[in-house]
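Subject: Structure handover

Hello,

Here is the structure we talked about passing on to you. Please open it beside this message and follow along.

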Amino acid sequence: MGVTANSASLLTTDWAEEWKQLQVLRQRSDDASYWDGRAKNFGHNDRPNDYANSFIELANLQEGESVFDMGCGNGALALPLARAGHPVLACDFSGGMLERLRADAEAQGLTNITSKQMSWADDWEAAGVLPKSCDVAIASRSIVTSDLRDSLERLSSVARRKCCITLSTGHSPRSDENILRAIGMTEAVGRDYWYALNILIQMGIKPELQYIKSARHDIYESFDEAYGNASLMLEGMGELVTPQRKQQLAQNLHAWVTEHLKPCESGFMFDEPRVVSWAFISWDA
């Protein structure tokens, strides 16, 4: 039986609604208190220069353009953008992260960053973030939301010229697809950027897609810390994988960590860097 205009799922699927249903199955996302706790020790391993440089290069900002940075964290992009002369409105739901950002900005003598504590779900206009208030709106690795269409619409509403976002190409930004393949995790449990692309298209937008690969050599104090960190990529699957399957994957992961974790000068590290692939999606506002 041939596909018709009424039966083609790509044309008829409500991608925004399917996203909402997917979030119900996933594990609960980290709240502000989690990031407040991480802020003090959130250092260079969590803020790779190669990633930030690639994002800024792909964003291709014009001289002096103002930037709205939603989910700014401790300033991985806000700080270099401000150093390059861009006025930055940096927003995050973590007060701890914003404190780090303000301290770093002050230490670097940067006066062109304005910060606000605000989440994706807050009333942005009530917080002073008005429609068409910045030239470029960005969300770098920060769209963790139960309503993806609403978040994309909010971001678009703030920008006068352009929007730029990154989303993991895998099921979680904590995942390394090389490791998942090595432990036999072949299930397609998530491709967040597919949803973003389809939702934007259904909004009448023509998004552009490019990729950034972020490689990290994290250092751990112990085997337990390294394994615990690696296990987060399994926990993030929530109900998308059965408990029995998750238990088998955990055993495979334990064996993988045992084989690949090596001592180094300041602790332990894996013999290959952890690689995360990011989809860089941009569109005209």
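Below are notes on salt bridges, on one serine and on a pair of helices.

Please keep in mind that this is a predicted model.

Salt bridges

Side chains of opposite charge can pair when their charged atoms come close.

Asp147 is partly exposed, at 24% relative accessible area. Lys20 is also partly exposed, at 33%.

Another salt bridge joins Glu65 and Arg161, whose closest N and O atoms are 2.6 Å apart. This pair also links distant parts of the chain, 96 residues apart: Glu65 is in the loop between helix 4 (49–59) and strand 1 (67–70), and Arg161 is in strand 5 (residues 159–168). Is Glu65 buried or exposed? Glu65 is buried because its relative accessible area is 6%, under the 20% cut-off. Arg161, at 27%, is partly exposed.

The pair Asp104 and Arg100 has an N to O distance of 3.9 Å. Both residues lie in helix 6 (residues 95–107), and they are four residues apart, so about one helical turn separates them. Asp104 is buried, with a relative accessible area of 18%.

Ser151 and helix 7

Ser151 is part of helix 7. Its relative accessibility is 1%, so Ser151 counts as buried. Which residues does Ser151 touch, leaving aside those up to four places away in sequence? They are Trp120, Ile143 and Thr145.

Helix 7 against helix 9

Two packed helices are described by the angle between their axes and the distance between the axes. For helix 7 and helix 9 (residues 192–202), the axes come within 10 Å and cross at roughly 65°. The crossing is right-handed. On the helix 7 side, Leu148, Arg149 and Leu152 take part in the contact. They meet Tyr195, Ala196, Ile199, Leu200 and Gln202 of helix 9. Sorted by class, this contact has six nonpolar residues, one polar and one charged.

Regards

Note on methods. Residues numbered from 1 in each chain as written. Predicted model: local features only at pLDDT ≥ 70, side-chain atom pairs only at ≥ 80, totals over all residues. Heavy atoms only, no water. Buried < 20%, exposed > 50% of the residue type's maximum accessible area, 1.4 Å probe, protein only. Salt bridge = Lys/Arg side-chain N within 4 Å of Asp/Glu carboxyl O. Helix = DSSP H or I, 4+ residues; strand = E, 2+ residues; numbered from the N terminus. Contact = heavy atoms within 4.5 Å. Axes fitted to C-alpha atoms, helices over the stretch in contact; angles between N-to-C directions. Left-handed = near helix turned anticlockwise from the far one by under 90°. Nonpolar A, V, L, I, M, F, W, Y, C, P; charged D, E, K, R; others polar.
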